Amino acid sequence: MDLSFFIYLSSGLFLGWSLGANDAANIFGTAVGTKMLRFKTAAFIASLFVILGAVYTGTGASRTLGELGNVNTLAGAFMTALAAAISIYWMVKAGILVSTSQAIVGAIIGWNFYSGKETDYSILSQIVSTWVVCPILSGCIAVILYIAIKTFLRHSHVHLLRQDCYTRLGLILAAAFGAYALGANNIANVMGVFVDSSPLKGFSLPGGLTLNDTQVLFLIGALSICIGIFTYSHKVINTVGNNLMKMSPMIAWIVVVSQGIVLFMFASSALKNFLDSYSLPSLPLVPVSSSQAVIGAVLGIGLAKGGHTIHWPLIGRIIFGWLTTPIMAALLCYISLFFLQNVFNQVVYQ
Amino acid sequence: MFHISVSLFSQTKALESKIDLFHDKLLDIAMTFKKAIQVFLSEGRSENYKKTSKHIKQIEHDADCLRRDIESKLYTQNLIPDLRADVLQLVENLDRVINRFDEVTYKFFIERPEIPSEYHSRIIELCDLTATCAENMGKASRAFFRDLSSVRDYSQKVYFIEHESDLSSGHLRNAIFDSDLPLANKIQISDFINEIADIADLAEDFIDELLIFTIKRDI
């Protein structure tokens, strides 16, 4: 393994960094913004659980991305991840919330077109359907939690101060769970395209802990997410704040838990196997957008409250972002691969 | 982590008791005020009145200590960051009502107004209304911390009683200015009636703010 691998991997690491900076704000943004949790405490918990989620549960969703497009050279993987990262950067700069999952899926399809590989449309339709199902499911879970908690609080007569204590503890647990689910589900976005071309080898740690080749790659990706969390997410929290809807700490807890549940449902092989074994309907293991899950949850609660508090023009911009991000990433990837192959003489597919 | 949680819960419990105690002080002072005015009207500035007045002063002092303690603990322990400003405002406003009870009692002690006996029952009735208004205000405030759905019930009572006290004080002042009392005496008694009725007005203002805080507190 030479240094060039890490140069190629840099685009994935950059994607991981931006995921950490942006999506961590979804997990503990309101908790930190309302001063319920200190930034350092939240960032530490989130980082630890992102790593655990990515390393131990990350493979399921990444396999589905591999089925969509088996990016089989490092240069191709580099450009696929870079095209996704640049698309996200442009959209964010234009003030539009975007999904890393959609960008990477768009970029993979761009690579498929360029390399002449056939796109598995059944997998693609499965992935695209999750873009719709994910926010709806998250919204439904959030509404159920919202009604349950509201009813509980109305009848339990918990003192305001005690409720504050429980919320604080709940936010810590939700941040841990949300981060675990984010790592498990979204590591595929960051490192998924490098799985087939990675020269990294697994190793054993003292204490009998063994990491296979993919887990080592995911560990590196998770560390880049952690760097994003520590270096930039605080700034995102301060800038973005409560744009979509003003949230109380309790609502923030519901949003994070709903998002965590949805991401976990789309990432856990164990859960899928369990449901399949009882012939129950299960969800495909696909990387979904944590931002979409958050937006779905916030919208669900907003509608349950009567819909007066929702900033509707922003919703329009988000939907616009959802439609344009994959198309932009696909086009950008296609054009960039052409340049990488013909100007820089790199092998972008085999 | 476990230690932090346990310590946070024990601190919270201690502060919960203090907030409850602070509300108890409001109820205490409202009832003692009623008694003090009755004593003054029947005995004037007697030893009994002095004792009751001193008791009111002590309640006011204890409430002040509790208020300071609650305010500083809310900040130092970084509790309820999103609602802290509202709770501080609420505690301050409650304290303002407590202070007003003390001020009016003290004013009776200093100025010793001469109130003809035909007005005693109506002044006692006004004090009764004012004290009941403050009691319901205290109950609404306590409900804000534990039982949001009851806040509205107590608030309605406060609005109703405040209106009754306005009517009662208006009729009483009318009757006083229609009487043959010297003008200085009329003005002094009218001023006392205003001071008593103002307590109910303060309670009404408190409830207006409390209802807004309740909307904010609802998830």
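Modeller: A residue is buried if 20 or more other C-beta atoms lie within 10 Å of its own, exposed if 12 or fewer, and partly exposed in between, with C-beta atoms placed from the backbone. This is a predicted model, in which local features need pLDDT of at least 70 and side-chain atom pairs count only at pLDDT 80 or more, while totals for chains, interfaces and linings use all residues. Residues are numbered from 1 along each chain as its sequence is written, and chains are lettered from A and ligands numbered from 1 in the order in which they are written.

Colleague: Why does Phe39(A) count as partly exposed?

Modeller: Phe39(A) has 18 other C-beta atoms within 10 Å, so it is partly exposed. Phe39(A) belongs to helix 2 (residues 39-57) of chain A; helices (H or I, at least four residues) and strands (E, at least two) are DSSP runs, numbered from the N terminus.

Colleague: Which residues does Phe39(A) touch, leaving out those up to four places away in sequence?

Modeller: A contact means that two C-beta atoms, placed from the backbone, lie within 7 Å. On that basis Phe39(A) touches Val32(A) and His234(A). His234(A) is 195 residues from Phe39(A) along the chain, and their C-alpha atoms are separated by 7.2 Å.

Colleague: How many helices and strands does chain A have?

Modeller: Chain A has 12 helices and two strands, in the order α-α-α-α-α-α-α-β-β-α-α-α-α-α along the sequence. Its radius of gyration, taken over C-alpha atoms, is 20 Å, close to the 20 Å that the globule rule (2.2 Å times the number of residues to the power 0.38) gives for 350 residues, so chain A is as compact as a globular protein of that length. Of the 350 residues in chain A, 56% are buried. Among contacts in chain A between residues at least 6 apart in sequence, 87% join residues at least 24 apart.

Colleague: How is a pair of packed helices read?

Modeller: Two packed helices are described by the angle between their axes and the distance between the axes. Axes are lines fitted to C-alpha atoms, for helices over the stretch in contact, and angles run from 0 to 180 degrees between N-to-C directions. In chain A, helix 3 (residues 59-68) and helix 7 (residues 160-191) pack at about 35°, with their axes 7 Å apart. Helix 3 of chain A contributes Ala61(A), Ser62(A) and Leu65(A) to the contact, and helix 7 of chain A contributes Asn185(A), Ile187(A) and Ala188(A).

Colleague: Where does chain A touch chain B, by element?

Modeller: The contact takes 19 residues from chain A and 16 residues from chain B. On the side of chain A, helix 6 (121-156), helix 7 and helix 9 (249-265) each give two or more residues. The largest share, six residues, comes from helix 7 of chain A.

Colleague: Is helix 4 of chain B mostly covered or mostly uncovered?

Modeller: Helix 4 (residues 120-146) of chain B is mostly covered, with 20 of its 27 residues buried. From first C-alpha to last, helix 4 of chain B reaches 39 Å, close to the 39 Å expected at 1.5 Å a residue, where the expected span is 1.5 Å times one less than the number of residues.

Colleague: What is the phi of Ser279(A)?

Modeller: Phi of Ser279(A) is positive, about 55°, although Ser279(A) is not a glycine. Ser279(A) sits in the loop between helix 10 (269-277) and helix 11 (290-304) of chain A and is exposed, with 7 other C-beta atoms within 10 Å. Asn345(A), in the segment after helix 12 (312-342) of chain A, has a positive phi near 55°. Asn345(A) counts as exposed, with 8 C-beta neighbours inside 10 Å.
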